[in-house]
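Visitor: I would like to learn how to read a model like this one. Please take me through it feature by feature.

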Amino acid sequence: VLEMLEIGKCSGCELIVLSEEEEIKKYNIKVFPTIIINDKIKIEGKPNFPLICSEELYRFLEKNYSIN
């Protein structure tokens with residue numbers, strides 16, 4: 001999953017791997033991998049769609065994977 005994210009991210013994106021127990025509790029992570037984007041989007045498990053950085057993808061993720 002990390003390789004998939006690294007390939008799909010644009011130069012303006014930053015990839016951070018959460019490992020602290022505090023961070024895991026903050027996002028209520030129970031499944032690995034879990035992808036958090038901008039504190040707004042949470043994707044649990046390995047995505048079955050390509051994560052290629054674009055506005056269209058971000059709108060899709062906000063609609064279908066919003067944390068709130």
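Visitor: Which residues are exposed on the other side of helix H3?

Guide: Glu55, Glu56, Arg59 and Lys63 are exposed there. Buried means under 20% relative accessible area, exposed over 50%, and partly exposed in between, with a 1.4 Å probe and protein chains only. Helices (H or I, at least four residues) and strands (E, at least two) are DSSP runs, numbered from the N terminus. This is a predicted model: local features need pLDDT of at least 70, side-chain atom pairs count only at pLDDT 80 or more, and totals for chains, interfaces and linings use all residues. Residues are numbered from 1 along each chain as its sequence is written, and side-chain values use heavy atoms, leaving out hydrogens and water.

Visitor: Which residues of H3 are buried?

Guide: Start with the general idea. An α-helix has 3.6 residues a turn, so residues three or four places apart point the same way. In H3, the buried residues are Leu57, Tyr58 and Leu61. They line one face of the helix, because they fall within an arc of 100° seen down its axis (directions from the axis to the C-beta atoms). These buried residues pack against E1 and E2.

Visitor: How do strands E1 and E2 pair, parallel or antiparallel?

Guide: Two strands pair if DSSP finds at least two bridges between them. Here E1 (residues 34-37) and E2 pair in the antiparallel sense, over four bridges. Ile35 stands opposite Ile43 in E2. Ile37 has Ile41 of E2 as its bridge partner.

Visitor: What lies between E1 and E2?

Guide: The two strands form a hairpin with three residues between them. Asn38, in that loop, has a phi near 50°, positive in a residue other than glycine. Asp39 is in the loop between E1 and E2 too. Its phi is near 55°, again positive in a residue other than glycine. Asn38 counts as exposed, because its relative accessibility is 52%. Asp39, at 46%, counts as partly exposed.

Visitor: Which residues make up the largest nonpolar core?

Guide: A nonpolar core is a set of buried Ala, Val, Leu, Ile, Met, Phe, Trp, Tyr and Cys residues joined through side-chain atoms within 4.5 Å. The largest one here has nine residues: Leu5, Ile35, Ile41, Ile43, Phe49, Leu51, Leu57, Tyr58 and Leu61. E2 (41-44) and H3 (55-65) are the elements that give two or more residues to this core. H3 provides the largest share, three residues.

Visitor: What is Leu51 in contact with?

Guide: Contact means heavy atoms within 4.5 Å. Leaving aside neighbours within four places in sequence, the contacts of Leu51 include Met4, Leu5, Ile35, Ile43, Leu57 and Leu61.

Visitor: Where is the cis peptide bond?

Guide: It joins Phe32 and Pro33, with omega about 0°. Pro33 sits in the loop between H2 and E1.

Visitor: How far apart are Cys13 and Cys53?

Guide: They are 40 residues apart in sequence and 8.3 Å apart in space, C-alpha to C-alpha. Cys13 lies in the loop between H1 and helix H2 (21-26). At 29% relative accessibility, Cys13 counts as partly exposed.
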